[in-house]
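Biologist: I am new to this structure. Please take one part and look at it closely, after a few words on the whole.

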Amino acid sequence: MLKYSLKRLLQSFFTLFIVVSVVFLLMRLMPEEGYFGESFEKLDETQKEAILESMGLRDPLIIQLKDFHLGILQGDLGKSIIYRPKVPVTEILKTKIPYSLSLGLASICISLFCGLGLGILMTRSKGKFWDKIGTGYIVVINAVPAAVYYLFIQLYATNCFKLPILFDVDRPTSWILPILSMSLGSTAGYAMWMRRYMVDELNKDYIRLAKAKGMKNKTIMVKHVMRNAFVPMAQYLPASILFTIAGSLYIESLYSIPGMGGLLVDAIQRQDNPLVQALVLMYAGFSIFGLFLGDILMAAFDPRIKLDQQGGVR
Amino acid sequence: MRKPIQKIADNIDESLFTIHTFDASKAEQTGYSNYSYWRSTWQMFLKNKVAFFLMVLICILLIFTLIQPYLPYQKLPTEIYLDETTNMQLRNQHPSIEHWFGTNSIGQDLWSRIWSGTRTSLFIGFIVGLFEAVIGILIGAIWGYVRKLDRIITEIYNVWNNIPTTIILVLLTYILRPCLSTLIFAMCITGWLGMARFVRNLIVIIRDREYNLASRCLGTPTGRIIYKNLLPYLVSVIMLRLALAIPAAIGSEVFLTYIGLGLPVDIPSLGNLINEGRILMMSPDLRYQLFFPAIVLSVVTISFYVIGNAFADAADPRNHV
């Protein structure tokens, strides 16, 4: 197990390295206007060349790549150029992450609770009223683009319940709507998977045996079905927790929350290359290590899963 | 007096032990089954009333969006309409007989814009879905079948899959400047991954199953194995993916438009229309400009989602009688 984890960890780092390099090279394809900030129009060609040279952008690509990776190892992600000129990227992230993180964690708690609850409720009333209501909810949430129902929630919930439209740190009521609308999507996801796994699990022979033994329905549900159904879901939990840091683009721009959500799009639109690189590095790291942690967590939940043997047996 | 012992052999029908002559027509009857894959699929699909209703609805909608510009009394989607007496733009006109869904903030007819936008969005959805299916199945099949390539393609997949989709979409539409073809290209380039992985996993699972092994031993040609043994398994997945790719593509078009990297304003699409409506959202009497596109969009995406799921269930041979 430990040996396998170490191997996977190394592999994850390698994948991360490749992803970051690819993005770094992609960024070189972008227009160069982004390196000059406000003064772009006033400079002539030789001045531009001088600036680019001083930033090391005229070095061969290999050397640029090496410098970039060395910088990352020392925790230096470069300085923002346009978004907030001359401010280190890490500083910018420090002011923004807390908002996204607290909103995201709150919404994960809510959606885990509601989603798993809804999934269980739907399994217990399979084919009946609650199952149909839940399926309808899941279909609507999955099919309709998030932008549309977020808009309608903001439009009507603010009117009906007299909640503030825009986000304000000091007013707790302004937190309700963003968190709620954020958790709608993942609630549907959790409910859908929970229901599917539980229904699968209920058809297995050992459940029939447990029923034949005369175990109570409730005990079967809690002790056997739910525990087994939760294992596949454990795999996605770490990734979704890590990704709360990335924030939600729609929600944060709709309620004007000063979080991470719109930062990447903003940085790309203003061509702030160091910021984009740092963000991509972060996101790629999240998804790679989220997957890694998910596998480990799954193995921890279910002793039958032996990660070492994966791939060897087919 | 002893009763004679009853023997099993006592009441035997002697005719069962006579030698039969071979009758070709009777042999034919036992081997014959009127099972047809597509007919069973269709029958299973018809049992789902909601999905069938939505499919009819989508068909009507599709035909309507295609013929709408050729119907009489239709406005042009991009023309700005002027008031005849004052020569001013007909801005934010409420729904009326002249403009069925009203006009937008610069005086364009919303009714024709919505259908033109639906056309664009559905076009994007179909192309992206088709590309996803073709490339995904091709790469997935190679990935699953050729064992030597398995590791390499898995590594490439890991790298590609770990770059967040949003970033690829945003970077590409940014580098290539927004227009219809770059938008489609950007979505295609990220869309096939899930499909390829799905197909690969399925093929790895079923390629060495006993029934395939048996077919191969009996000398069934590879083409027939693929057509009769593997394809029925894949059809349900492919149809599901294809049907789900359409709402997903429409959704990401809305997303890209929302962050300002979508289609240019002069090409109406559902994403563009919703974005225009969103700007006017705060004045209650202009909300119709958000409602109409949102309703059409929801109907289209929900229908495709439900139809796709119902068809995937129906196309699974295990659900057939």
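Modeller: Start with burial in chain A. Of its 314 residues, 31% are buried. Keep in mind that this is a predicted model. Chain A holds 13 helices and 0 strands. Read along the sequence, its pattern is α-α-α-α-α-α-α-α-α-α-α-α-α. Along the principal axes, the C-alpha atoms of chain A fill a box of roughly 85 × 60 × 30 Å. Now take the contacts in chain A between residues at least 6 apart in sequence: 71% of them join residues at least 24 apart.

Next, confidence. The predictor gives the complex an ipTM of 0.73 and a pTM of 0.77. Chain B has an average pLDDT of 80, and 96% of the residues score at least 70. Among the elements of chain B, the highest mean pLDDT, 90, belongs to helix 3 (residues 49-67) of chain B. The lowest, 71, belongs to helix 6 of chain B.

Now the part for the close look: the pair formed by helix 7 and helix 9 of chain B. Two packed helices are described by the angle between their axes and the distance between the axes. Helix 7 (residues 180-206) of chain B packs against helix 9 of chain B at an angle of about 155°, and the axes are 10 Å apart. Angles over 145 degrees count as roughly antiparallel, so helix 7 of chain B is roughly antiparallel to helix 9 of chain B. The crossing of the two is right-handed.

Which residues meet there? From helix 7 of chain B come Leu183(B), Met187(B), Gly191(B), Met195(B), Phe198(B), Val199(B), Leu202(B) and Ile206(B). Helix 9 of chain B answers with residues including Leu230(B), Tyr233(B), Leu234(B), Val237(B), Arg241(B) and Glu253(B). By class, this contact has 14 nonpolar, 2 polar and 2 charged residues.

Between the chains, 29 residues of chain B are in contact with 28 residues of chain A. Helix 9 (222-258) of chain B is one of the helices that each supply at least two residues to the side of chain B that touches chain A. By class, the side of chain B that touches chain A has 22 nonpolar, 6 polar and 1 charged residues.

How values were computed
Residues numbered from 1 in each chain as written. Chains lettered and ligands numbered in written order. Predicted model: local features only at pLDDT ≥ 70, side-chain atom pairs only at ≥ 80, totals over all residues. Helix = DSSP H or I, 4+ residues; strand = E, 2+ residues; numbered from the N terminus. Buried ≥ 20, exposed ≤ 12 C-beta atoms within 10 Å, placed from the backbone. Contact = placed C-beta atoms within 7 Å. Nonpolar A, V, L, I, M, F, W, Y, C, P; charged D, E, K, R; others polar. pLDDT = per-residue confidence, 0-100. Axes fitted to C-alpha atoms, helices over the stretch in contact; angles between N-to-C directions. Parallel < 35°, antiparallel > 145°, perpendicular 65-115°, else oblique. Left-handed = near helix turned anticlockwise from the far one by under 90°.
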